[in-house]
Amino acid sequence: MKFYRMAALGLGLSLALTACGGGEPKPSGAADGAGNSVLTIAIQDEVEGCDIQQIGWENVVQSLLYEPLVVFSPDLSEIQPAFAESYTVAEDGSYIEFVLPADAKFSNGDVCDAAAVKASEERFLAISEYAGDLDAVADIEVVDERTIRYNLTGPAPYMWASLTSTYGGINNVAVAETMDDAAFNRKPVTNGPYYVEEWLQGSQITLKRNEYYKTNNPNVSNQGVCAYETIVVRFIPDEFTRVSELKSGNVDIIYDVPTASISELEGNPDLTTYRYKQAGVSYMNLQTEKGVTADVKVRQALTHAINKEEIAAALDGVVTPTYGFISEAQAGYSAAKEQELASKLGYDPELAKSILAEAGWTDTNGDGIVDKDGQPLSFEMLISSDRASLKAAGPVLQNQFAAIGVDAQIREYEGSYVKQLVRDDDYTMASRNYVWNDADILYYVFTEASGYPWDVAEVTDAFVAARVENDTAKRVAAYEVAQDRLVEQYKAISLFADNYCVASKNNIKGLMITNDGRSWYNDVTGG
Amino acid sequence: MSDMGKYILRRLLTGVLVVLCVTIIIFGIMQAMPGNPIDLMVDTRVSPEKVAELKARWGLDKPPVVQYFYWLGNILRGDFGTSITTKQEVFFLIKQRLPYTLMLTGAAVVIEYLVAVPLGLLAAVRKEKLMDKSLTIIMVVLWSMPTFWLGVLFIMEFAINNRFFPISGYSGLKSLVLPALTLALPSLAQIFRLTRSEVLDVMEERYVETAYAKGVADKSVLIRHVLRNALIPVTVTFFLNLPWLIGGSVVVENVFAWPGMGQLLWKGIAKQDFPIVQGITFVIAILTVICNLIGDIVSGILDPRIRVE
């Protein structure tokens, strides 16, 4: 009897907690208590901050707060107006001029004229970690109220990547100067479609529609204020929980769909999925100066030992094999060059074995590992543990190397430590990856600009030539050449680009996710 | 000063040393971790010069000992520092999240004691009987359940299949039920076992036999003589468990997207955000010292035989 009394007590406690509950979360895709339309988005990681000039990485939250002056077209082939009405590049590449729309305003109603944009860009140059992206800017000149000119030290088309990204958005510096950086980082005044109303640390951020917003982005139908008055972005780190919230209808859109759930969500008739690719590639960086991989033939053999299709299959198709170093989600990509490199650097274990034999590496003691002068071809393969696809690919790579008689021992470390080991030149083979919407990132990866102790003049020259080429077609060609120079060194082995997924409820219409992962919410409406 | 006063003072001084040691150990562990927060934070396209500038800005270019004493000096002035990744004041971040963690751990502790103490008593009274064995098995099963798995199970059953509670986040007390149960249930076994063994020990005391011999009613013996004495170590454990629960809520906060300190600590460690990790462990260390002290004082009050000396 006592037991039942206690059970009743426990049940009573639960009911009491239930009864005094504060109610369900606000229904998504519907209206809040005041009749305002609310869109709920769930993402994995809480933002570091909202001020694009103070943070090290950005996501959909910042893209809703900022409108860059210009944007890349969805296929990354063209620069198109966005916040700016138009833009002009000087023939000799000595300046870029932007014309702002009449009556451009920040989310608080302050005028966003040329002087305001100049102040914002100067703040970016002063405090952003990525100020180096605009290193070619000599000065910024206010031509008239609506016209602003970036005077450049020389042609710098690589700047477009920054100018077209969220980092190219405009802050209201007049407001920023009235508060400390931390406060502005929580609630910046910006020029994008939404502004921050409330940020509940660790939980969610509530964005309100910017009633002064307008864009000239030709890729969206609605160039005025957005349909949804409120967007709630919830931070849900656990994959299962995030997916469950979508399937239960509590959120409208989720980002960072876990790879294990993609096929399930794709098969769900109530949901729509959007796929996009990593704007960059994951690769194995090879030591060229010392150790077993100092011999270019060993590096060449390792390149041919990798079956990327097998890796993609082992990873359930969540990656797309790459052979060159520019993914199709990056400006500067050449499908022809990718095709050419695929045939030149493709999987061929017999060729790999013969190259090793040619270099004097053979299995003399029958242990399955090739050796030379009594030394087995064995090395440590550093794998970034914080990159799921690379971590999963590690054992597959190990098996593929073993198939040609190479003993690659996996060592898993945090990506930042792998980066440090590469910078310290203390590695033989290290997994790395990069993400940026422009091929110019290769300049930072494969030249001394990265801080890595590797510099080959012809490679550096080729990347420098490509990054300052203004003509789009010539720029793509220049990157083809640069990739050839890089490949000749067998400095790195391109592996794959990750495939990402965003999922939404079917009643959410008009969401546009570009192939490189940019989200445009201008046309989003709910059913 | 009374003996008790001297004792409290001595414990507080020891507590200061304990907190200092904890901060040194955590700082040492953070320093020993491979990599650094700036490299974790910035992209490949940030030049080595800029990285060096950022390290200098955050004082990461200074020797570890200097960094530690710089942090300690600030803490003594009430300045917890600024998060490297979020650029927010650590005190602000902790202040935002501490109430949610205390709410979660508080609810979990209440559930634990409300359920485990009566069940422990029941099991002791029915020693070696079916009830005792059943409860023991149930407790072992609960103890063995991984927290994240239990959380997922609760979400599936009580938030998806039956929409009794929200899946995640904080939206009122209703959203507290599943995370609090997830945090509490695996810990029930500890309190259950402690209560059961203490009650069994006390039941063998001479004064209990005497009470029975004098014809005192069973219920009265159990509550006034047995439970009252058996609960002394259980009560002390209550205070000792509180800080542990704060640390133990990391997984639960992650599964339920609960906006507490656990998530902040986990992210701080992952991103090597030294000011956040130091700040939170400092708070937990202080809570531990205070809870230990309260536990000692309470046990002294409950049991006059426990002397300060």
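About 5200 Å² is buried between chain B and chain A, and carbon and sulfur atoms give 56% of that area. Buried area here is the accessible area (1.4 Å probe) that two parts lose on being put together, summed over both. This is a predicted model, in which local features need pLDDT of at least 70, side-chain atom pairs count only at pLDDT 80 or more, and totals for chains, interfaces and linings use all residues. Residues are numbered from 1 along each chain as its sequence is written, chains are lettered from A and ligands numbered from 1 in the order in which they are written, and side-chain values use heavy atoms, with hydrogens and water left out.

Here is the interface in brief.

| Item between chain B and chain A | Value |
|---|---|
| Residues in contact (heavy atoms within 4.5 Å) | 58 residues from chain B, 56 residues from chain A |
| Salt bridges (side-chain nitrogen of Lys or Arg within 4 Å of a carboxyl oxygen of Asp or Glu) | three |

B:Lys87 makes a salt bridge with A:Glu129, with 3.6 Å between the closest N and O atoms. On the side of chain B that touches chain A, the elements giving two or more residues include helix H5 (90–125), helix H6 (130–144) and H7. Of these, H5(B) gives the most, with nine residues. Helices are DSSP runs (H or I, at least four residues), numbered from the N terminus.

B:Trp149 lies in helix H7 of chain B, and its 39% relative accessibility makes B:Trp149 partly exposed, that is, between buried (under 20%) and exposed (over 50%), with a 1.4 Å probe and protein chains only.
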